[in-house]
Amino acid sequence: MSEYIPHTPILYFIFRIEMISLFGSKLERKMSIDINERHGDWKKNAALFQKSDTRKSVWQLLNTLVPFLGLWWAAYLSLSVSIWMTLPLTILASGFFVRIFIIFHDCCHHSFFKSRRANEIVGMITGMMTCFPYHQWKYEHAVHHATSGNLGRRGTGDMWTLTVNEYQQLSFVKRMVYRVYRNPVVMFGIGPIHLFLNQYRFNRKGAGRKERINTHVTNFAWMAILTALSIILGWKSVLLVEGPILYLAGIVGIWLFYVQHQFEHSYFETSDKWDYVHAALQGSSFYQLPKILQWVTGNIGYHHVHHLGPKVPNYYLQQMHESTELFRNVPAVTLASSLHALRYRLWDEDSHRFVAFNEIAMAPLGQSVIISQLFHSPRLTRLIGLLFRKLKSQS
């Protein structure tokens, strides 16, 4: 076959692109056929794991809450010795904070206990501990599961993601706002503060009475706990312990949510083409973490399994992955390779992948266009345009 390969670098590059495109499309069709053929198999397999084990759930509560409370208290006591002793303890405590959130997450899916009431009680308590109102977060997360990867139903329970075409049609100011939002410094620097102090402190539009009350109760309970601790232990001590725990756990939480759906060959389709199973398998990553991090994050790295079977408790996700043939060829994202996701900003509908800002061809924004979009003055635009043409003709 080598005699048919062009020898000039440019032609060879084009040949490679065409071959990748050809075989890539065949592979995509094959994956589609496999999913459809095994549709019944994974449903039967999921039914085996969509049953909570009360002993496992209680044990997980104990091995998460007890170490978290112990580390929190140890971090407080260490303040009298050195702040540098406190910091490692708060880092460890933030890991258990993330694990508490995973329990809260399972309760929102009613998968942690068999009893709906038990899920709601534990969910509300862990929600108060992690600063998330149970009913509001449960609603938004259910919408996320039902619409993940659907370009026509973005905006609830997901990250702000634009397509290349949508971005190109934005004004200069809105492009800058989107760039700031997607910047890692803002996302992971300001993101945790926004998450805990703003995003879930208010009720969403259209929330029912039960949801609104739960949001207010969660806020009141959180503030009451912090106030009581501040009176007993001192507000500076509480801030130095609770502050780093919330901030570090927030960074981990945002990163996990980001990398689980914002990887290069993810899945986004228009509403008429969108499919739940494809969205779960192709649009949710298999984040292969080291064992200790997998334990801390409650197996949430098996996110493709979770999206396909949201009723499966976190402690069964790995088992379901390993026992289901459909998951054997799901590509894994490692800790190292996941860092590449930081550069992904826009979804390219033509190539079906995430791209960076510098990968797209942008129409140049001239000085007159920028000023127009900043000040919204058509007359000023014409005046500046006339001035540039005049200067150009004189030169």
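Hi everyone, let's start in the loop between α14 (291-296) and α15 (303-308), which is where N299 lies. This is a predicted model, so please keep that in mind as we go. N299 has a positive phi of about 60°, and it is not a glycine. Is N299 buried or exposed? It is buried, with a relative accessible area of 13%.

There is another residue of this kind to show you. H352 sits in the loop between β4 (346-348) and β5 (353-355). Its phi is also positive, near 55°, and again the residue is something other than glycine. Here the relative accessibility is 36%, so H352 counts as partly exposed.

Now on to a helix. T126 belongs to helix α5, residues 116-130. T126 is buried, at a relative accessible area of 2%. If we set aside neighbours within four places in sequence, T126 is in contact with I100, I103 and F104.

Last stop, a pair of helices. Helix α10 (residues 191-199) and helix α12 (residues 235-259) have axes that come within 8 Å and cross at roughly 105°. The two are therefore roughly perpendicular to each other. Which residues make the contact? From α10 we have G191, P192, I193, L195 and F196, and from α12 we have L246, Y247, G250, I251 and I254. By type, the residues of this α10 and α12 contact divide into eight nonpolar, two polar and no charged.

Methods. Residues are numbered from 1 along each chain as its sequence is written. This is a predicted model: local features need pLDDT of at least 70, side-chain atom pairs count only at pLDDT 80 or more; totals for chains, interfaces and linings use all residues. Side-chain values use heavy atoms; hydrogens and water are left out. Axes are lines fitted to C-alpha atoms, for helices over the stretch in contact, and angles run from 0 to 180 degrees between N-to-C directions. Helices (H or I, at least four residues) and strands (E, at least two) are DSSP runs, numbered from the N terminus. Angles under 35 degrees count as roughly parallel, over 145 as roughly antiparallel, 65 to 115 as roughly perpendicular and the rest as oblique. Contact means heavy atoms within 4.5 Å. Ala, Val, Leu, Ile, Met, Phe, Trp, Tyr, Cys and Pro count as nonpolar, Asp, Glu, Lys and Arg as charged, and the others, Gly among them, as polar. Buried means under 20% relative accessible area, exposed over 50%, partly exposed in between (1.4 Å probe, protein chains only).
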